[in-house]
Each structure stands twice: as C-alpha cells, then as structure tokens.
Amino acid sequence: MENMNILVTGAAGYIGGSVVATLLSGDTHFAAKNIFAAVRAEEQVRSLQPLGIKVLQLDLRNEQEVAEAVLQNEIDIVINTASSIDGRLAAHFISALGKRREVTSKDTYHIHSSVTTGYSKEGGWPYGTIKDGDPVYKLEKELNDGFPIRKTNTAITELAKERGVTSFIVGVPFVYGTGSGEWKKLSQNIPATIKASIALKTVYKFNQDSKFAAVHISDLAEYYVLIVKKILQGEKLPSGEEGYYFAVAHETGWWDVAQGLADVLRARGLVTEPTVRVWPSDDMAAEALDLPRQFVRLMHTARVTIDYNNRYPLGWAPKWDEQKFLASMDVEVADAFRYEKGRTTLFDALNGTN
Ligand SMILES: NC(=O)c1ccc[n+]([C@@H]2O[C@H](COP(=O)([O-])OP(=O)(O)OC[C@H]3O[C@@H](n4cnc5c(N)ncnc54)[C@H](OP(=O)(O)O)[C@@H]3O)[C@@H](O)[C@H]2O)c1
C-alpha cells in the first residue's frame, strides 16, 4: 500500500471525528503520522491532540491558510466533512490539491460529504430512484434548480476536473448512533427530536409517513475508510462525474422511529403518553426541533429513493440494519443526555449564516 497523507476536515464534528477515529482504529491501522485533522477552535485542538495525529486549527474560509496547510503538510487525500453546502471550503482544498499535484506530479484526491435528502420528490428530485453508477452529475446539471447541495456537488466535480484532482462525492443519508470522535458524538436529527419530545412531554410526527435512507455512524466512517484504502492500493475507482457514491445501509420509516422513541421515552417517564401525535403546524415543529421552517418537513418526511442494493463494489458490509436501529432507541435517548456538546452547523449553513 502506498503511503499518503490524509486530512479530515470537520474533524471535531460528528462524522469527521468518527472518520478520524476509524482511520486510527485497530482494524484499519493507518499510521498516526499520516493523519491530519482540521478543526476550528483551540479547545478542539486540545481534545484531538492526544490521538498523536497532527491537528491543524484552520479557518477553512481562508484560501491562503488552506493552501499552506495542504502544501506544507504534503496532503494527498482530503476527506471533507466540514460542509455539504458551502462549496467554498471544498473549492479551497481542491485548488490546493491541484497545486500539490502540479508540484509533485502525484495524484491527489478529494472526497466530499454530500446529503441524500435532495434525491427525493420533496427535495425537488424528479428522476426517481438512483444508485451508484447512475449519471447523477448529468441529472443534477440538467435540473439546474439551484438546490444548494446539488449546486455544490456539480461545482466541486467541475473544479476538480479543471484542476486535475480525482474527486468523489459521498451521498450521506440520515446518520444515527453514537460517534467515536473526540469532540462531538451525536448527530442532529434524533437528539433534536428527543429534546423536543421531552420539552413538550409528547412525541410528534408529521402527517405524512415514508421510508428514508439511513446509516449508522460506525458503518459510515468505515465507508470513507474503504474508499481511502482503495486509493492507497492503487485501485482506479469511478471518480469525477462518475464518482457519486451513496453510503446507504438500509431504509427505515419516519413513523416507526417516532413510535420507537415514544415507547422508550414513556418507559423512562419522560413523556406523558405512548401515542405519537401529529405536529399541529410546521411552525411549531420548526421551533421545537430548532430547524429552519422551510426545511423542517423535508428533513423529517423526505422519501429518499436510493437503490442501496446496487452499489459500487467497495466491499462495504454495514453492520447495522433497520431492525437493529429500531431496537437501539434506548441508547439514542441515553446518549442524547450523555453527550450533548455543540449543535450541528448544517442549519446555519442552510440559513446562510455559517
Ligand atoms: N449528521 C447527519 O445525519 C448528516 C447526514 C447527511 C449529511 N451530513 C452532512 O455532513 C457534514 C458533516 O455533518 P456532521 O453531522 O458531522 O456535522 P457537524 O457535527 O456539525 O460537523 C461539522 C464540523 O465541521 C466544522 N466546520 C463547519 N464549518 C466550518 C468552517 N467554515 N471552518 C472550519 N470548520 C468548519 C464544524 O466546526 P465547529 O465544531 O466549530 O462547529 C464541525 O466540527 C455536514 O455538512 C452535514 O450536512 C450530515
């Protein structure tokens, strides 16, 4: 296996932190000297430093800072988990990786974390079910609807092509479970529902049910690591316009999750009844769940249709399925209390305030 330096952005976050931990874990054995973590705050630097990796405190909006970090640390692969929406952050890394390629003539790689919510009717996707290997880039271009995540995906793919950087877009579905990162251990969706349910003493759902695509955080982190391993083994993976990968392990119903939470919260005496009620209004839901009004329904009802049985052959074997997920609601509740640290930056980005 070739030796390459790997930088993870958003390494204090839920996904990025778990990716760093998985790269370093027993099964994987990447040397700490080859792992770099980009974080934003001094306290996050201190939290990650005991891992023995190089922790960089970077303002990812500063192109110069990012370029210096990539060139001085001889970064070959960037795993970008800092923002699915703010394409500037990815663009800074892709430009820097392009420069490094020019200087060294070595291939460089950018792995971007995207969101699958847009591949639903509710998210304005008219093409139905998609899978790895479908012409998703072309469809996004054709649609050209200004949906922020699609716009970022296509812009990244085009910039990478122009700069000679090998690029991958990982479509990340709904992520659940306790992360293994040093800083933020939890995602947004389920902890927010738990918090709202306790505050209102009732679990609420939207009046529309559907299935949604999901993955446990440990399986997702493993997914990124598998892509990195293939790169290091010199395997030519589909990339660029063909480089859309969907890290979907299974589907689950929104109402099943709500009922599972209601049962567990009722057993703990945290809600007054086991019945799940329908949100009286989207405004009330948005306020209780701390989500922008225009996205709250999408984030909790979207029917994301990804054919997860037809994947690129990465050798991914997710350990979590729907049954295991629905049986883990008590852990979700316990950990929502145990690990409350920080709020996801996703919704600030959607509001344009990040
Ligand atoms: N969690 C999910 O269920 C899910 C599902 C699909 C897609 N995604 C996408 O995947 C990405 C990561 O998700 P996550 O759940 O890991 O979010 P997260 O916990 O909020 O992690 C994001 C990390 O990136 C850092 N960051 C954001 N903007 C930055 C900037 N301008 N400069 C430097 N650092 C910056 C944040 O720093 P601070 O700690 O300082 O805020 C945070 O540590 C997000 O874009 C999200 O949309 C997540």
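The dialogue below works through several features of a predicted model.

Trainee: Which domains does the domain assignment of the chain give?

Mentor: The assignment divides the chain into domain 1 (6-175 + 215-246) and domain 2 (186-210 + 252-304 + 319-349). Their C-alpha centres are 28 Å apart. To the contact between them, domain 1 contributes 18 residues and domain 2 contributes 17 residues.

Trainee: How should I read a nonpolar core, and which residues have the most contacts inside the largest one?

Mentor: In soluble globular proteins, nonpolar side chains tend to be buried together. Here the largest nonpolar core comprises 52 residues, and Leu7, Tyr119 and Phe246 have the most contacts inside it. At least two residues each come from strand E2 (35-39), helix H3 (63-72), helix H4 (87-104), helix H5 (136-143), helix H6 (148-163), strand E10 (244-246), H10 and H11. With 6 residues, H4 gives the most to this core.

Trainee: Which residues does Tyr119 touch, if residues up to four places away in sequence are not counted?

Mentor: Tyr119 touches Trp125, Ile130, Val136, Glu140, Asn153, Tyr244, Phe246, Arg303, Val304, Thr305 and Ile306. One of these, Phe246, is named with Tyr119 among the residues with the most contacts inside the core.

Trainee: How does one read the packing of two helices, and at what angle do H10 and H11 pack?

Mentor: One looks at the angle, the distance between axes and the residues in contact. Helix H10 (residues 282-289) and helix H11 (residues 293-301) pack at about 85°, and their axes are 9 Å apart. Angles of 65 to 115 degrees count as roughly perpendicular, and H10 and H11 are therefore roughly perpendicular to each other. From H10, the contact uses Asp282, Asp283, Ala285, Ala286 and Leu289, while H11 provides Arg293, Val296, Arg297 and His300. By type, the residues of this contact are 4 nonpolar, 1 polar and 4 charged.

Trainee: How is burial judged, and is Ser18 buried or exposed?

Mentor: A residue under 20% relative accessible area counts as buried. Ser18 has a relative accessible area of 1%, so it is buried. Ser18 belongs to helix H1 (residues 14-24). Beyond residues up to four places away in sequence, Ser18 touches Gly13, Gly179, Ser180, Gly181, Ile217 and Ala221.

Trainee: What is the relative accessible area of Thr252, and which residues is Thr252 in contact with?

Mentor: The value for Thr252 is 0%, so this residue is buried. Thr252 is part of strand E11 (residues 250-253). Leaving aside neighbours within four places in sequence, Thr252 is in contact with Ser210, Lys211, Phe212, Val257, Glu322, Phe325 and Leu326. Ile111 is 141 residues from Thr252 along the chain, and their C-alpha atoms are separated by 26 Å.

Terms used
Residues numbered from 1 in each chain as written. Predicted model: local features only at pLDDT ≥ 70, side-chain atom pairs only at ≥ 80, totals over all residues. Heavy atoms only, no water. Axes fitted to C-alpha atoms, helices over the stretch in contact; angles between N-to-C directions. Helix = DSSP H or I, 4+ residues; strand = E, 2+ residues; numbered from the N terminus. Parallel < 35°, antiparallel > 145°, perpendicular 65-115°, else oblique. Contact = heavy atoms within 4.5 Å. Nonpolar A, V, L, I, M, F, W, Y, C, P; charged D, E, K, R; others polar. Core = buried A, V, L, I, M, F, W, Y, C linked by side-chain atoms within 4.5 Å. Buried < 20%, exposed > 50% of the residue type's maximum accessible area, 1.4 Å probe, protein only. Domains from an automatic or database assignment.
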